[in-house]
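Have the sequence and the 3D view open as you read.

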Amino acid sequence: MAKGNDVAAMEIDEQNSTAADQIANPKFSVNVLQLLKSAQMQHGLRFGDYARYRRYCTARLRRLYKSLKFTHGRGKYTKRHITSSTVTEVRFLHLVLYAAERAWSHAMEKKTLPDGPNPRQRSYLIGRLRKAVKWATHFQELCSIKGDSRTSLEAEAYASYMKGNLLFEQDQQWDIALKCFKSARAVYEELGKYGDLENQVLCRERVEELEPSIRYCLHKIGESNLQTSELAQIGEMEGPALDLFKAKLEAVMAEARSQQAASMTEFHWLGHRFPISNAKTRVSILKAQELEKDINGPGADSLPAEKKLVIFDKIFAAYNEARSCIRNDLANTGNSESVKDDLSGLDKAIGAVLGERTIERNQLLVRMAKSKLSKVRDDKNEKVTKPEELVRLYDLLLQNTSDLSDLVSSGRDRKPEEVTFAEECELKSSVFRAERCFYLAKSYSLAGKRPEAYALYCRARSLVDTALKKLQSSTNVDQVTVKELKMLYNDCRSNICIEHATGVMEEEKAPENLSKKISGISLTGNDKKVEKLLLEKLDNYESAVGDPTTKSIPRIEAFPPAFQAVPRNPIVLDLAYNSIEFPSLESRMKKDKKGFISRLWG
């Protein structure tokens with residue numbers, strides 16, 4: 001019996017000691033991913049500005065050190081280490097976490113320089129990543145002691161992610177980097193199953209950001225047969241966790257292009273062969289041709305229009321880079337006429353290809369504008385296209401076609417391919433001119449100008465008819481364009497009838513509308529709603545200034561004042577005034593006294 005009492009007493013003592021330990025050593029909770037994601041998005045990383053985020057981390061650390069009174073001495077610097085016994089509140093954990101973020105953001109700032117880091121900057125970058133790994137590992141150790149189970153798990157995932165980034169940048173130990181990334185992904189996959197909706201979304205986003213790095217590590221190890229195009233598709237994903245991967249991928253793509261460019265010796269265009277001697281020119285042309293495959297390839301129909309516009313911008317940048325290299329070579333060429341002719345011809349060919357892609361891009365903009373022409377505003381609050389915008393786009397297309405035709409026709413000895421290409425440009429120009437005339441008529445119709453719209457629709461129909469005859473007489477008939485022109489011809493015909501009928505109706509109703517408007521006219525303006533002036537409503541506490549957000553005249557008093565009726569004399573007295581004989585008043589008038597001289601001279 002006594003033994004049983006001793007056992008019960010021991011259990012009570014153990015429970016009391018556990019509760020006392022929990023009070024003495026509280027477990028802190030830090031939602032690491034949510035805290036960092038919020039700070040990153042609010043302070044620069046939404047736009048990839050790592051310098052701004054680094055400054056924020058520095059300022060945050062300064063505030064934390066000062067508020068915790070954990071400074072390193074006022075005069076001589078004396079470093080104070082953060083141990084488990086030091087962590088008496090959660091802000092000490094924030095200190096270590098933001099120190100890791102500051103080192104990581106500094107490394108990423110060097111990584112995302114416009115021309116890339118030079119060897120010295122790269123060495124500094126690796127050092128900052130090592131510092132980030134050191135702080136992240138220290139954060140993991142502290143959270144395993146002072147944090148709850150979830151905080152400890154998130155800290156472990158964060159440390160694994162930082163270590164994977166370091167190995168990823170060093171191009172070594174791909175198996176260990178893969179293990180680190182997989183460990184972080186497993187943690188975030190597990191954490192994404194619990195918590196509130198916001199936490200689940202953040203965890204899923206982090207898993208998606210880690211996936212490309214894992215696939216790239218597998219590719220480097222040799223366990224994955226990823227093609228270069230598949231890597232490029234993975235690199236199109238967004239997120240701060242992918243910036244290291246994108247930089248690495250760009251280096252791999254540049255290396256692959258350099259290898260392919262070694263076999264590219266000529267550029268073919270309209271029956272001409274132009275030799276390419278400069279390696280940079282070859283790489284730029286090859287990059288542009290790879291991007292063209294994305295637009296004209298089998299999967300181009302599934303690409304959204306906004307993504308195609310981004311690809312077009314990259315194509316323009318690549319071709320312009322190639323042209324700048326060609327012109328530098330042309331400036332540095334000696335007196336060799338054959339080399340100059342080859343370089344000039346290559347520059348002309350790339351300029352023509354650039355003009356073709358510009359026309360394709362503007363046609364894509366036209367299709368996007370046409371899709372919004374008759375659309376009502378949707379949930380995205382997209383602006384409805386006006387016909388004037390399409391007229392402007394067709395003006396650009398006509399200018400592009402004219403420039404391209406002049407460029408092709410500028411040579412003396414023209415090959416059959418060039419003659420055919422010039423004819424195609426002329427045919428495109430006639431189609432664009434008909435489309436422009438149609439939308440110009442539509443803009444006049446919306447403005448209520450019926451005669452002008454009617455005449456322009458008639459002109460557009462004749463232009464469409466001419467373009468159709470040219471298309472059908474050409475050797476390569478584009479059935480899609482023929483179908484669009486036939487639809488445009490029918491639209492012109494129907495709009496001609498509509499404008500004619502609307503004009504007749506307006507002509508018939510014009511006198512009636514005019515009489516209605518005249519009958520409603522009032523000289524006093526009583527038909528309008530007139531607000532009372534301030535002097536008329538002094539007994540009411542109302543403002544006479546009006547809404548401050550609108551430009552309205554204060555209603556204080558009418559100025560100039562309105563005319564008022566005044567009493568006048570009777571009209572009978574006015575007529576009798578000329579007939580009345582009034583008595584003489586000379587006797588009452590004051591007479592002037594005359595002096596002696598005035599008497600003599602009268």
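What follows is a short tour, from the whole chain down to single residues.

## Before we start

This is a predicted model, so to speak of local features a pLDDT of at least 70 is needed, side-chain atom pairs count only at pLDDT 80 or more, and totals for chains, interfaces and linings use all residues. Residues are numbered from 1 along each chain as its sequence is written, and side-chain values use heavy atoms, with hydrogens and water left out.

## The whole chain

The chain has 19 helices and 2 strands. Both kinds of element are DSSP runs numbered from the N terminus: helices are H or I with at least four residues, and strands are E with at least two. Of the 602 residues, 36% are buried. Here "buried" means under 20% relative accessible area, "exposed" means over 50%, and "partly exposed" is in between (1.4 Å probe, protein chains only).

Now take the contacts with a separation of 6 or more: 65% of them are between residues 24 or more positions apart. A contact means heavy atoms within 4.5 Å.

The largest nonpolar core has 64 residues, and Y53, L93, L95, W104, F139, Y158 and Y188 touch the most other members. Which helices supply at least two residues each to this core? They are α2 (32-42), α3 (50-67), α4, α5 (119-146), α6 (149-170), α7 (174-191) and α8 (197-221). Helix α4 gives the most, with 12 residues. A second, separate core holds 62 residues, including A322, V366, A369 and L488.

What counts as a core? It is a set of buried Ala, Val, Leu, Ile, Met, Phe, Trp, Tyr and Cys residues joined through side-chain atoms within 4.5 Å.

## E101, a buried charge

Helix α4 covers residues 90-111, and E101 lies in it. E101 is buried but has no salt bridge; R206, the nearest side chain of opposite charge, is 7.3 Å away. For charges, Lys and Arg count as positive and Asp and Glu as negative, while His and the chain ends are not counted. A salt bridge needs a side-chain nitrogen of Lys or Arg within 4 Å of a carboxyl oxygen of Asp or Glu.

What does the side chain of E101 make a polar contact with? The partner is the side chain of Y53, at 2.5 Å. A polar contact is a pair of N or O atoms within 3.5 Å; within protein, one must be able to donate a hydrogen and the other to accept it, and residues adjacent in sequence count only if both atoms are side-chain atoms. Setting aside neighbours within four places in sequence, E101 is in contact with L36, Q40, Y53, C57, Y158 and M162.

## Salt bridges

Side chains of opposite charge can pair when their charged atoms come close. The whole structure has 18 salt bridges. One of them joins K111 and E169, with the closest N and O atoms 2.9 Å apart. This pair links distant parts of the chain, since K111 is in helix α4 and E169 in helix α6, 58 residues apart. K111 counts as buried at 15% relative accessibility, and E169 is buried at 0%.

D347 and R323 also meet in a salt bridge (3.1 Å, N to O). D347 is in helix α13 (residues 337-371) and R323 in helix α12 (residues 305-332), so the pair ties together parts 24 residues apart in sequence. Both D347 and R323 are buried. E360 is partly exposed at 26%, whereas R357 is buried at 12%. Salt bridges that share partners also join K37, R206 and E209 into one network.

Most residues other than glycine have a negative phi. K69, which is not a glycine, has a positive phi of about 55°. K69 is in the loop between α3 and α4 and is exposed, with a relative accessible area of 70%.

Q173 has a positive phi too, near 50°. Q173 lies in the loop between α6 and α7 and counts as partly exposed at 42% relative accessibility.
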